[in-house]
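Here is a short briefing on one structure. Look through the sequence and the model first, then read on.

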Amino acid sequence: KLTLTASDLAVMVLSSKNVSEDSIVAILPFLRGEIIASLARGVEECTINGDTTGTHMDTDVEAAGATDRRTLWKGYRKHAIANGYSVDFNGAGRGWDFESFMAVRAKHGKYGINPAELFWLLSLQGFFKSLSLKDTAGNALVTTADKMPAATVMTGVLGSLGGSQIAVSEFQRDD
């Protein structure tokens with residue numbers, strides 16, 4: 001059984017009547033676009049970092065208060081932490097390497113079999129670090145043309161990893 005509960009996400013814009021009437025550029029379509037972008041950013045941030053529990057998993061959100069958009073619903077990180085789906089890239093001899101990424105994928109169990117159904121959500125720092133990804137032996141995996149036809153050293157782009165697309169978000173935390 002699944003229960004869906006609606007949550008409100010709002011934006012407030014203050015604009016004077018003079019701006020909308022006297023502006024050379026039509027200001028209301030511009031403001032509408034900014035409002036839509038702000039709402040989309042709110043959905044993205046909560047989907048990643050949301051936590052509805054009494055004490056939020058991030059202390060900076062706790063300090064922001066109950067009206068913070070990251071308190072509307074439980075996000076990816078909260079579900080992963082609550083279910084023990086974490087892999088420590090710094091612990092147990094792990095590093096920022098391909099094997100650690102595959103350990104994350106292995107946590108998906110039967111849902112991690114088809115890489116086309118998955119995506120990697122990376123922070124900006126994580127993405128730039130992944131542009132020079134190596135295996136545990138220190139061999140470059142994505143930077144040279146012999147390993148990857150569209151090598152990152154030539155393109156500066158890493159579109160997929162282990163067969164799964166990469167999504168980069170400014171809201172994905174590094175801590």
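A pocket is an open set of grid points where a 1.4 Å probe fits, with protein on both sides within 12 Å along at least five of seven lines; its lining residues have an atom within 4 Å of a point. The model discussed here is predicted. The briefing covers the pocket, the strands, the salt bridges and a surface patch.

**Largest pocket**
- The largest pocket has a volume of about 1,600 Å³.
- It is lined by 35 residues, and those closest to its centre are Arg 77, Ala 80, Val 104, Leu 121 and Gln 172.
- Helix H4 (76-82), helix H5 (98-106), E1 and H6 each supply at least two lining residues.
- H4 gives the most, with five residues.

**Strands**
- Strand E1 (residues 119-122) runs parallel to strand E3 (residues 164-168), and four bridges join them.
- Leu 122 stands opposite Val 168 in E3.
- Strand E2 (residues 160-161) runs antiparallel to E3, with two bridges between them.
- Leu 161 has Ser 164 in E3 as its bridge partner.
- The hairpin of E2 and E3 has two residues between the strands, and Gly 162 there takes a positive phi near 65 degrees.

**Salt bridges**
- The structure holds eight salt bridges.
- Arg 69 pairs with Glu 45 in one of them, and their closest N and O atoms are 2.6 Å apart.
- Arg 69 sits in the loop between helix H3 (59-64) and H4, while Glu 45 sits in helix H2 (residues 27-49), so this pair ties together parts that are 24 residues apart in sequence.
- Arg 69 is partly exposed, at 26% relative accessible area, whereas Glu 45 is buried at 9%.
- Arg 70 also forms a salt bridge with Glu 45, with the closest N and O atoms 3.5 Å apart.
- Arg 70 and Glu 45 are both buried.
- Glu 45, Asp 68, Arg 69 and Arg 70 are linked in a network of salt bridges.
- Asp 60 forms a salt bridge with Arg 173, with the closest N and O atoms 3.3 Å apart.
- Asp 60 lies in helix H3 and Arg 173 in the segment after E3, so the pair ties together parts that are 113 residues apart in sequence.
- Asp 60 is partly exposed, with a relative accessible area of 38%, and Arg 173 is partly exposed at 23%.

**Surface patch**
- Leu 124, Phe 128 and Val 168 form a nonpolar patch on the surface, with about 280 Å² of accessible area together.
- Phe 128 lies in helix H6 (residues 124-130).
- Phe 128 is exposed, with a relative accessible area of 52%.

Note on methods:
Residues numbered from 1 in each chain as written. Predicted model: local features only at pLDDT ≥ 70, side-chain atom pairs only at ≥ 80, totals over all residues. Heavy atoms only, no water. Patch = residues over 30% accessible without salt bridge, like charges linked within 9 Å, V, L, I, M, F, W, Y side chains within 5 Å. Areas by Shrake-Rupley, 256 points an atom, 1.4 Å probe, with all protein chains shown as cover. Salt bridge = Lys/Arg side-chain N within 4 Å of Asp/Glu carboxyl O. Buried < 20%, exposed > 50% of the residue type's maximum accessible area, 1.4 Å probe, protein only. Pairing = 2+ DSSP bridges. 1 Å grid on protein atoms, 1.4 Å probe; cavity = no way out; pocket = protein on both sides within 12 Å on 5 of 7 lines; lining within 4 Å. Points joined across faces, edges and corners; volume = space filled by probe spheres on them.
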